[in-house]
Amino acid sequence: AACTLAEETTVHMQQLAMKGAKFHIELLPSQPTEHGLEHIQYQVAANKGSRLQPLNKVASGGELARISLSIQVVTSQYTQTPTLIFDEVDTGIGGGVAETVGHALRSLGRKHQVLAVTHLPQVAACGEQHWQVRKNSEGEQTVSSIRVLSAEERVEEIARMLGGETLTATTHSHAAELLEMAAR
């Protein structure tokens with residue numbers, strides 16, 4: 001199972017802008033415990049030609065996010081988990097890689113309900129629905145609220161994610177284009 005998971009994760013990593021990367025699961029003998037006879041170590045070679053090393057020692061935040069997503073995509077094929085939640089799985093990435101991650105999440109959403117917390121417009125644009133989460137201070141307390149955005153509000157929110165506080169016609173146009181391209 002470890003070999004299959006590693007091979008399939010490696011294949012998926014290639015699709016998330018990690019060309020030439022490898023994922024490996026090392027089963028290291030240990031004293032028998034209620035958890036088994038091995039200690040499991042995830043190893044990665046993040047770049048072509050790199051040697052396998054422990055994941056926790058060599059992977060950057062962006063690489064960890066993509067490797068995590070790859071593992072989730074692979075394992076979701078073998079489980080009956082109806083809902084997958086990703087909290088900032090796009091940490092440390094941007095641009096084209098963010099778009100690739102967004103498309104991977106959208107593809108995963110064909111078989112599972114996917115909830116993804118993101119600050120990246122490229123990822124948010126790939127969702128079929130967009131929920132906006134806000135935090136407001138009310139006296140000494142912070143209150144969070146969430147609401148589903150309409151199509152028009154979604155363009156506005158993607159534009160805000162792209163351009164910050166000052167939004168222009170160009171920012172709105174780019175937001176609409178991102179949403180249109182992601183829907184294809």
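Helix axes here are lines fitted to C-alpha atoms over the stretch in contact, and angles run from 0 to 180 degrees between N-to-C directions. Helices (H or I, at least four residues) and strands (E, at least two) are DSSP runs, numbered from the N terminus. This is a predicted model, in which local features need pLDDT of at least 70, side-chain atom pairs count only at pLDDT 80 or more, and totals for chains, interfaces and linings use all residues. Residues are numbered from 1 along each chain as its sequence is written, and side-chain values use heavy atoms, with hydrogens and water left out.

Start with α1 and α3. They pack at an angle of about 120°, and their axes lie 9 Å apart. That angle makes α1 oblique to α3; under 35 degrees counts as roughly parallel, over 145 as roughly antiparallel, 65 to 115 as roughly perpendicular and the rest as oblique. The crossing of α1 and α3 is right-handed. A crossing is right-handed if the near helix is turned clockwise from the far one by less than a right angle, and left-handed if anticlockwise. From α1, L5, E8, T9, H12 and M13 meet I67, S70, I71, V73, V74 and T75 of α3. Contact means heavy atoms within 4.5 Å. The residues of this contact divide into 6 nonpolar, 4 polar and 1 charged. Ala, Val, Leu, Ile, Met, Phe, Trp, Tyr, Cys and Pro count as nonpolar, Asp, Glu, Lys and Arg as charged, and the others, Gly among them, as polar.

Now move from α3 to α4. These two helices pack at about 20°, with axes 11 Å apart. That makes α3 roughly parallel to α4. Their crossing is left-handed. R66, L69, V73 and S76 of α3 touch V97, V101, A104, L105 and L108 of α4. By class, the contact of α3 with α4 has 7 nonpolar, 1 polar and 1 charged.

Look at α4 itself. Its buried residues (under 20% relative accessible area, 1.4 Å probe, protein chains only) are A98, V101, G102, A104, L105, R106 and L108. They pack against α1, α3, β4, β5, α5 and α7.

End with α6 and α7. Their axes come within 8 Å and cross at roughly 115°. The two helices are therefore roughly perpendicular to each other. The crossing of α6 and α7 is right-handed. Among the contact residues are I158, A159 and L162 of α6 and A175, L178 and L179 of α7.

Definitions and conventions
Buried < 20%, exposed > 50% of the residue type's maximum accessible area, 1.4 Å probe, protein only.
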